[in-house]
Amino acid sequence: MITKFLKAGTGDSILIQHEGHNIIVDGGNDSKYLLSEVDIIHKNNEVIDLLVITHHDDDHIKGIIDLLKHVEENSYNSEERPFIKKVIFNSPRLVLGKIAPKESKELSYKQAYEVEELLLKINPKWETYTDTSEAISFENLKIEFLSPIKEDLDKYSTQKGAYLTGDWKRDWESPMSKLEPHIHDKSQDDTTPNRSSVVMMVTCNDKKVLLTGDVTPDRFEAISAKLFKDNNNSPVFFNFIKLPHHGSYRSLSKDILEKLQCENFIISTNSKKHFLPNKRALMKVIKHINKVSKDPIKFICNYEEAVINLKITKQEELHYNFELLSNNEKYGVSI
């Protein structure tokens, strides 16, 4: 299994590939590298086996609009062999059972409506998924769905709309030693759009990856608590965890991290919106995560700009025993 965290603007776009199967999770708001990968998939005479849209915030869904238009304009889709075989998208149309207001002024709802219209043209198998949905497998790759819960989907789909929320407090200029005493869980993201985000656990052979979307800490706490309980009340190991909400400290808590075990964390953003990632998010992970070894924790950014903006010194990396790494491929991060 190869997982690519593509450069996708301020958002997420993830491509999972395994034995000729292709799974795309979100499209970000910059689709350059996503469309390039899609062209390669088509050239290799393969298809997109699964497309997952975690929620309809602009920095997750805009690139999906570009993708669907690209597929249509280049005639990649055919009745004999659909190019996109299955779509998971908890869209207002499916959740509500009716079309969301087309005249909505909210960007996220306008884009959700546009995706719905494009999907109807391409006509893939299109479904809603929650934490009770069955896992999906491709050979020995397994995708389990940990969130959202149905109640949150119902609530999200009946509200007027929402935008991506951020902290708006930049901590890039502060040394980590000054931030450390102020790492707390008092300020937490509780927005319904992010609470409704799809969260997936992907396993293949000896690799285990947690894809968190923009999930809120209360939902993440419920997820980690269940994983912990199912693991005989022991911390659950992951090879890689994508930090939720592009490295926001308001999306993490002590309770979450103490129930997980990991040393490699992915941060997906070009760092041009909401002052993300936060240094305080890194500090929370350093202070509370369960480690496998004495090796440094690795924070891997899919954009070099995020590494630069954080202004973390080598002395800080040594003192707190972590490494801040930039993308290992031109298109982003490959693991």
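Colleague: How far apart should the end C-alpha atoms of helix H1 (residues 32-43) be?

Modeller: At 1.5 Å times one less than its number of residues, the 12 residues of H1 should span 16 Å, and the end C-alpha atoms are 17 Å apart, which agrees. Helices (H or I, at least four residues) and strands (E, at least two) are DSSP runs, numbered from the N terminus. This is a predicted model, with pLDDT of at least 70 needed for local features and 80 or more for side-chain atom pairs, while totals for chains, interfaces and linings use all residues. Residues count from 1 along each chain as its sequence is written, and side-chain values use heavy atoms, leaving out hydrogens and water.

Colleague: Which residues of H1 are buried?

Modeller: Buried means under 20% relative accessible area, exposed over 50%, partly exposed in between (1.4 Å probe, protein chains only). Here they are Tyr33, Leu34, Leu35, Glu37, Val38 and Ile41. Their cover includes strands S1 (2-6), S2 (14-18) and S3 (21-25) plus helix H2 (58-73), by contact (heavy atoms within 4.5 Å).

Colleague: And the sheet: what is the strand order?

Modeller: Strands of a sheet pair through backbone hydrogen bonds, either parallel or antiparallel. Pairing needs at least two DSSP bridges between two strands. This open sheet of 8 strands runs S7-S8-S9-S10-S12-S14-S15-S16, with mixed pairing. S7 (136-138) and S16 (322-325) are the edge strands, each pairing on one side only.

Colleague: In which sense do S10 and S12 pair?

Modeller: Parallel: S10 (residues 207-211) and S12 (residues 240-242) share 3 bridges. Val209 has Phe240 in S12 as its bridge partner.
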